[in-house]
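The sequence and the structure are shown first, and the description follows.

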Amino acid sequence: MPDSPIILLAIESSCDETSASVIHNGKVLSNIISTQPIHSQYGGVVPELASRAHEKNIIPVVNEALQQANTSKSTLSGIAFTKGPGLLGSLLVGCSFSKSMAMALDLPLIGVNHIEAHIFAHFIDEPKPDFPFLCLTVSGGHTQIVLVEGIDKLTILGETIDDAVGEAFDKSAKLLGLPYPGGPVLDQLAQLGNPTTFRFPFPDIPNLNFSFSGIKTSILYFLQKNKAQNANFIADNLDDICASIQYTLVEILMRKLKKAAAAHNINQIAIAGGVAANSELRRRMNEEKQKSNWNIFIPKFEYCTDNAAMIAITAHFKYINQSFELQSVVPNARLSIS
Ligand code: KG4
Ligand code: ZN
């Protein structure tokens, strides 16, 4: 008799995306993402509003995910949710919903670390990386280089000591008066500009760690100084400023990634997280593919930013390993904390 299929429903609600996904034996059948436009008027995510929106969206999003997967609650083998890191109120909506559903249907509950899930998004589609590989995880809250030697063997080789790179993109965009979330807007404008027009200092951090708070301050002083001489400085130079900032941020990432690859003699290199959608980072990764013979892995756009399919694939591996310990939210979770 064939083994019964593993069908999981996964829920992601760590920040401002309510998402649900159904996965069948490791194949994603649906990945519904509902974004929360309300935050753009405040220039950043308002935690209280995010939890309210999750609470409102979660049932329709889950129903749509089940419907699109052409499945029903009765076929499910387990329920997965993001346990952290993330905003406490947002996480609690996904966690409480999942707990209730698992209890009502008498199913196992699988809590998934959000950063781990960004990394395992690489196992949704082909080509999948072989172990060991390096993953540069770059999002609004995290910047890490992780050595991935197996499904449950992840080692952080370096990480930011202050701001995340996504935060640096968003804060730079805010200084330029661009709408939130600024990262993708800055990326679009940067593609029209010259990256060598302006120079910003590189942080002097000796190991594989990152620092982005200094560059944010230097951009602030740079803009203040130039605006004092020309009130229209930003408008007159917007594309070139964006291109120069983007070049600097991506160069900081690439220098450390190249250093890590050389130190560990690994040429399987992946990127993950929202900033993996950045056009310059993707271009530089492709450049290294040619120059340094890297075998690169860049997830599809919908699997880069926050989504439940990445929670689903990570839960699938946990289900196979029967890793169903008592689950609660861990808002300040670090990678590998279960
Ligand atoms: O992974 P993600 O969706 O959420 C977090 O877990 O943080 O990442 C969101 C971050 C934001 O800072 C956003 O501005 C940034 O990813 N981002 C980008 C681009 N697309 C999203 N940053 C630069 N260029 C992009 N194209
Ligand atoms: Zn994320």
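This is a predicted model: local features need pLDDT of at least 70, side-chain atom pairs count only at pLDDT 80 or more; totals for chains, interfaces and linings use all residues.

**Domains**

The chain is divided into two domains: domain 1 covers 7-120 together with 303-329, and domain 2 covers 127-298. Their C-alpha centres lie 27 Å apart. Domain 1 contributes 16 residues to the contact between them, and domain 2 contributes 19 residues. About 1300 Å² of area is buried between domain 1 and domain 2, and carbon and sulfur atoms give 75% of that area.

**The sheet β3-β2-β1-β4-β5**

An open sheet is formed by 5 strands in the order β3-β2-β1-β4-β5, with mixed pairing. The edges are taken by β3 (27-35) and β5 (109-113); each has a single partner strand, so one side of each is left without a neighbour in the sheet. On average, neighbouring strands of this sheet are turned by 20° against each other, direction ignored.

Helix α1 (residues 47-68) packs on this sheet, where it touches β1 (7-12), β2 (17-24) and β3, and its direction makes about 25° with that of β2. Helix α9 lies across β1, β2, β3, β4 and β5, and runs at about 135° to β1.

Strand β4 (residues 78-84) runs parallel to β5 and is joined to it by 5 bridges. Strand β4 also pairs with β1 in the parallel sense, over 4 bridges. How many of the residues of β4 are buried? The strand is mostly covered, with 7 of its 7 residues buried. Within these pairings, Leu9 has Ile79 in β4 as its bridge partner. Ala80 is partnered by Ile110 in β5, and Gly84 by Asn113, also in β5.

**The sheet β8-β7-β6-β9-β10**

Another open sheet of 5 strands has the order β8-β7-β6-β9-β10, and its pairing is mixed as well. Here β8 (153-159) and β10 (295-297) stand at the edges; each has a single partner strand, so one side of each lacks a neighbour in the sheet. From one strand to the next, the twist averages 25°.

Strand β6 (residues 133-138) pairs with strand β7 (residues 143-150) in the antiparallel sense over 6 bridges. In this pairing, Val138 stands opposite Thr143 in β7. Leu154 and Ile119 are 35 residues apart in sequence, and their C-alpha atoms are 9.8 Å apart in space.

Distant parts of the chain are linked here: His118 is in helix α3 (residues 114-120), whereas Asp306 is in the loop between β10 and α9 (308-320), 188 residues apart. His118 and Asp306 are both buried.

**Local features**

Most residues other than glycine have a negative phi, and most peptide bonds are trans. The table lists the departures described here.

| Site | Feature | Value |
|---|---|---|
| Gly84 to Pro85 | cis peptide bond | omega near -5° |
| Phe131 to Pro132 | cis peptide bond | omega near -5° |
| Asn70 | positive phi | about 55° |
| Asn265 | positive phi | near 50° |

Pro85 is placed in the loop between β4 and α2 (88-105), and Pro132 in the loop between α3 and β6. Asn70 lies in the loop between α1 and β4. Asn265 is in the loop between α7 (233-264) and β9 (268-272).

Are these two asparagines buried or exposed? Asn70 is exposed, with a relative accessible area of 73%. Asn265 also counts as exposed, at 72% relative accessibility. Glu288, in helix α8 (residues 279-291), is by contrast buried, at 2% relative accessibility. Residues up to four places away in sequence aside, Glu288 touches Met254, Lys258, Asn293 and Trp294.

Conventions
Residues are numbered from 1 along each chain as its sequence is written. Chains are lettered from A and ligands numbered from 1 in the order in which they are written. Side-chain values use heavy atoms; hydrogens and water are left out. Two strands pair if DSSP finds at least two bridges between them. Helices (H or I, at least four residues) and strands (E, at least two) are DSSP runs, numbered from the N terminus. Axes are lines fitted to C-alpha atoms, for helices over the stretch in contact, and angles run from 0 to 180 degrees between N-to-C directions. Buried means under 20% relative accessible area, exposed over 50%, partly exposed in between (1.4 Å probe, protein chains only). Domain bounds come from an automatic or database domain assignment. Contact means heavy atoms within 4.5 Å. Buried area is the accessible area (1.4 Å probe) that two parts lose on being put together, summed over both.
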